[in-house]
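Thank you all for coming; I would like to take a few minutes to walk through one structure. Please have a look at it before I go on.

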Amino acid sequence: LTQAEALGCINEYCENLGFKTIIVANEEKIQNSRSKNAEDGKKDFLAYSEIKEKIIARTVRLKADFPSIISNVIEGYRTKTKGYVDFLKDCTDAVVSLVEDCEIRNIRSLRVGLQDFEVVYKICREEGLENAEICRYLTAFLLFVILAKGGQISRSNAYGYGLNRLSQKYPTHYTERYMPHCLKDWVMTNEWNDHNLV
């Protein structure tokens, strides 16, 4: 079933059969469809905005309450590492700001990042770093994890990760010195090596 066929089916339900229909969708992901013109056999584009105008009466936009969502994620985090949850609570504002500024807002990737960062937190505490300094590592790490899991970061043999743009695009959240190469490799390969972390 193509997108155009699905919308045509919904139109049939609404206009001809009188069904009240709710569509849950990310409009940013809906692409313009190609349709075949029966008269001349040429393919033309059906703009989603044109189709929407005919079949959708009301659009309700969902605005996520990130401060509440992230606070709940942190409150629900379970660990045996002493001080980690309190550390995350102290960094809540920085994490909320990061998620709000990032073009990818995937809470599952955020949870994975918080879970993986626990290892880094322990090492930073052993090295005697203060929470404010560790929080900088956290935001750089979370941004890298979210973008990597969203397919926005890749590695080439010639240029490594080529992450200068991250420092430029997210200067508040990402500084290269807070994301050592070994952490980048860990996120990308899922292979942890204690000896590489300095």
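Let me begin with pLDDT, which is the predictor's confidence in each residue, on a scale from 0 to 100. This is a predicted model, in which local features need pLDDT of at least 70 and side-chain atom pairs count only at pLDDT 80 or more, while totals for chains, interfaces and linings use all residues. Residues are numbered from 1 along each chain as its sequence is written, and side-chain values use heavy atoms, with hydrogens and water left out.

The chain has an average pLDDT of 82, and 84% of the residues score at least 70. Helices (H or I, at least four residues) and strands (E, at least two) are DSSP runs numbered from the N terminus, and among these elements strand β1, residues 33-36, has the lowest mean pLDDT, 54, whereas helix α4, residues 84-90, has the highest, 96. Where pLDDT is low, the predicted coordinates should not be read in detail.

Now to the interior. A nonpolar core is a set of buried Ala, Val, Leu, Ile, Met, Phe, Trp, Tyr and Cys residues joined through side-chain atoms within 4.5 Å, where buried means under 20% relative accessible area, exposed over 50%, and partly exposed in between, with a 1.4 Å probe and protein chains only. The largest such core has 45 residues, and Phe87, Leu114, Phe117 and Leu138 are the ones that touch the most other members. Two or more residues come from each of α3 (66-75), α4, α5 (92-101), α6 (107-126), α7 and α9, with α7 giving the largest share, 13 residues.

If we leave aside neighbours within four places in sequence, Phe87 is in contact (heavy atoms within 4.5 Å) with Phe117, Tyr121, Asn131, Ile134, Cys135 and Leu138. A second, separate core of 5 residues includes Leu7, Ile10, Tyr48 and Ile51.

Turning to aromatic rings, those of Phe, Tyr and Trp (its six-membered ring) pair if their centres lie within 6.5 Å, and planes under 30 degrees apart count as stacked, over 60 as edge-to-face and the rest as tilted. The whole structure contains 9 aromatic pairs. In one of them, Tyr13 and Phe19 have ring centres 5.5 Å apart and planes at 40°, so this pair is tilted. The rings of Phe141 and Trp186 also form a tilted pair, because their planes are at 35°, with centres 5.8 Å apart. This pair links distant parts of the chain, as Phe141 lies in helix α7 (residues 131-149) and Trp186 in helix α9 (residues 181-189), 45 residues apart.
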